[in-house]
Amino acid sequence: MSKRSINYFKNSLVLTIAVTISTILATSVKALQVQVSPAKPRLGDTLTVVITPDNPTASSPPSVTINKKTYPTFLIAANKYRTFLPTTPLQKPGTRSLQIDAGAETKRMSVFVGDRKFPVQRIRLSPGKAGLEATPYELKRVAELKALKTPQKYWNGAFLKPNKGRISTIYGVRRYYNGKFAQDYYHRGVDYAGATGSPVIAPADGRIALVGRVSQGFRVHGNIIGIDHGHGVITTYLHLSRLNVQEGDVVKAGQVIGAVGSTGAVTGPHLHWGLYVQGESVDPTPWRDRKFN
Ligand SMILES: [Zn+2]
């Protein structure tokens with residue numbers, strides 16, 4: 001070993017010891033444990049934050065603040081709380097700071113969300129041809145649906161495919177209208193090109209929180225079903241030709257809830273499937289690939 005490499009070895013040893021000591025100190029002084037997954041999230045992913053507070057007798061569940069928004073957490077095991085945080089194509093990639101408040105304990109940490117390139121569509125609208133506008137009633141009902149943060153957790157395991165059709169449009173597609181980039185638009189879900197009348201199933205257990213019909217004013221969404229899976233996780237099914245469930249029904253994974261159609265603002269039959277976490281549309285695909293238990 002040369003003198004230089006011995007020095008390097010000594011220095012790195014000292015550094016390792018210092019880091020170890022500080023880690024021990026940190027864990028013994030602050031026992032509030034926080035785990036964030038996935039390890040390398042990208043825009044559109046759902047962040048899972050699991051919190052184990054130091055004081056199990058804390059009266060209220062911890063909260064998580066990110067991008068100046070504070071989210072509730074839900075009890076998932078003895079003294080273990082969880083929340084899901086949405087990331088979307090409208091956000092900027094990069095580091096965001098997370099603040100976890102659990103009773104008297106506060107923890108700050110940073111999370112890096114990587115970029116993701118979403119496909120781009122160029123749409124040409126003939127002059128004077130404005131798109132169909134949603135009615136105030138449908139906007140109100142859909143907003144109420146997305147705002148649900150039900151403490152009861154209904155689902156278990158990975159989500160099923162809601163329809164057997166091929167995927168015609170993936171999540172997150174951005175658009176230009178007549179050459180102008182639509183800043184607020186992204187495809188808030190996944191489209192399945194199932195034939196009219198083909199069954200739409202509940203991908204996971206939940207409670208039917210919305211059944212809306214064209215006749216009631218669901219002009220853009222068409223006939224729609226909204227499922228509340230609990231813990232701020234909501235799925236939506238748009239443009240249906242048939243509705244097999246009623247509001248308040250509790251459905252099981254795999255149960256037929258309706259059928260593909262072309263109601264509302266569409267150019268052809270398909271199922272638009274949306275998955276909302278804390279009110280924002282995230283990519284449903286990871287929910288099918290792995291278990292968010
Ligand atoms: Zn769609």
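Which residue in E6 is the bridge partner of Val 50? I looked this up, and the partner is Arg 82.

**Entry 1: the model.** I am working from a predicted model, where local features need pLDDT of at least 70, side-chain atom pairs count only at pLDDT 80 or more, and totals for chains, interfaces and linings use all residues. I number residues from 1 along each chain as its sequence is written.

**Entry 2: the chain.** I find 3 helices and 22 strands in the protein chain. Helices (H or I, at least four residues) and strands (E, at least two) are DSSP runs, numbered from the N terminus. I note that 33% of the 293 residues are buried. A residue counts as buried if 20 or more other C-beta atoms lie within 10 Å of its own, as exposed if 12 or fewer do, and as partly exposed in between, with C-beta atoms placed from the backbone. Of the contacts with a separation of 6 or more, 67% come from residues 24 or more positions apart. Two residues are in contact if their C-beta atoms, placed from the backbone, lie within 7 Å.

**Entry 3: a sheet.** I traced an open sheet of 4 strands, in the order E1-E2-E6-E5, with antiparallel pairing. Strands E1 (33-37) and E5 (74-77) are at the edges with a single partner strand each, so one side of each has no neighbour in the sheet. From one strand to the next, the twist averages 30°, taken between axes that are lines fitted to C-alpha atoms, with angles from 0 to 180 degrees between N-to-C directions. I count two strands as paired if DSSP finds at least two bridges between them. E2 (residues 46-52) and E6 (residues 80-86) pair over 6 bridges in the antiparallel sense.

**Entry 4: helix H2.** In H2 (residues 136-146) I find Glu 138, Arg 141, Val 142 and Leu 145 buried. Seen down the helix axis, these buried residues fall within an arc of 95°, so they line one face of H2; the arc is that of the directions from the helix axis to the C-beta atoms. Pro 136, Lys 140, Ala 143 and Glu 144 are exposed on the other side. What do the buried residues of H2 pack against? I find strands E15 (206-212), E16 (223-230) and E17 (233-240) there.
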